[in-house]
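Dear colleague,

Please find the structure below for your records. A short account of the findings follows it.

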Amino acid sequence: AVNMKGKDLISIADLTLEEIYEIFDVAHSLKQKLYTNEPHRYLEGKTLGMIFTKRSTRTRVSFETGIYQLGGLGMYFGPNDLQLGKSESIADTARVLSRYLNGIMIRTFDHNDVVELAKYADIPVINGLTDLLHPCQVLTDLFTVLEKKRKLQGLKLAYIGDGNNMAHSLLNGCSKVGMNIAIASPSGYKPNKEIVANAKKFAAYMGSKVEILDDPVAAVKNADIVYTDVWASMGQEEEAEERRKKFAKFQVNPKLVKHAKEDYLFMHCLPAHRGEEVVDEVADSPNSVIFDEAENRLHVQKAIMALVM
Ligand code: CP
Ligand code: NVA
């Protein structure tokens, strides 16, 4: 087996294909164990610090439940709980927390803060979302696709909407596992060029494609998966009105998904702004796996914690 002990999980781009599939294997086995009530207290007595400077439903609840089920303890720190950022540097916080904890999960705005924390921490740091990336979500999404489609390589994922943290981690994840990815976004909201260029390299190696398009119909054509995310992310609340106008043609609705394969999966990291990026007819259709994705956050993150801690 692959040894990931002590590793950080900051970006899917840093993982090998073997490590990605190791996470999926362990997640599958942990899911079975949970369903059959088989003990799996692999992190007995260990502690995970969970630092949040942004809101969260899924990430917080799934990490905290997950570490508890593994026999450990999760500690939640909200925006006003630590000295961090106000009266203590990231580096000193990392050094201190490393003396108490066995792992840190962090959700925050600036991706560089997570990189900095990991640099000075002696314990694994897990990225629970930054403005740039959301790796735990996309590992979970790929695991969910694997469960439903029994393969990843060669499938086509269409992402419709903002070139944000989800788009970036999907670019990393799909290209690493050899899935084709087509992204349609309005101009001015395209994904990060460096991440696209890097994804194209991974994709070339795996024999898959990366397409950055303007037209949602072209992106969705023949897709196995149609993915979307909110038009205004956390921290962009004041842009919401302007974005509603600019993204109006990028809604995932019955007319758009007609261009996908008949057995396409609809995916969304959630929270969904129903009536904006997606409508109920799609989000609640038999093709939708949004709540399986949400559930799988638990199993996949338990796998990540068990492997790196
Ligand atoms: N998908 C996701 O990360 O959800 P939360 O913001 O609720 O954690
Ligand atoms: N792009 C969204 C994802 C939430 C899970 C955000 O950053 O708010």
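Helices (H or I, at least four residues) and strands (E, at least two) are DSSP runs numbered from the N terminus. This is a predicted model, in which local features need pLDDT of at least 70 and side-chain atom pairs count only at pLDDT 80 or more, while totals for chains, interfaces and linings use all residues. Residues are numbered from 1 along each chain as its sequence is written, and chains are lettered from A and ligands numbered from 1 in the order in which they are written.

Within H1, Ile23, Phe24, Val26, Ala27 and Leu30 are buried (20 or more other C-beta atoms within 10 Å of the residue's own, with C-beta atoms placed from the backbone). The buried residues of H1 pack against helices H5 (135-149) and H12 (290-308), a contact being two such C-beta atoms within 7 Å. Just after H1, asparagine 37 has a positive phi of about 60°.

Four strands form an open sheet in the order S2-S1-S3-S4, with parallel pairing; two strands pair if DSSP finds at least two bridges between them. Strands S2 (73-77) and S4 (125-127) are at the edges with a single partner strand each, so one side of each has no neighbour in the sheet. Strand S3 (residues 103-107) is joined to S4 by three bridges, and isoleucine 104 stands opposite valine 125 in S4.

Yours sincerely

Definitions and conventions:
A residue is buried if 20 or more other C-beta atoms lie within 10 Å of its own, exposed if 12 or fewer, and partly exposed in between; C-beta atoms are placed from the backbone.
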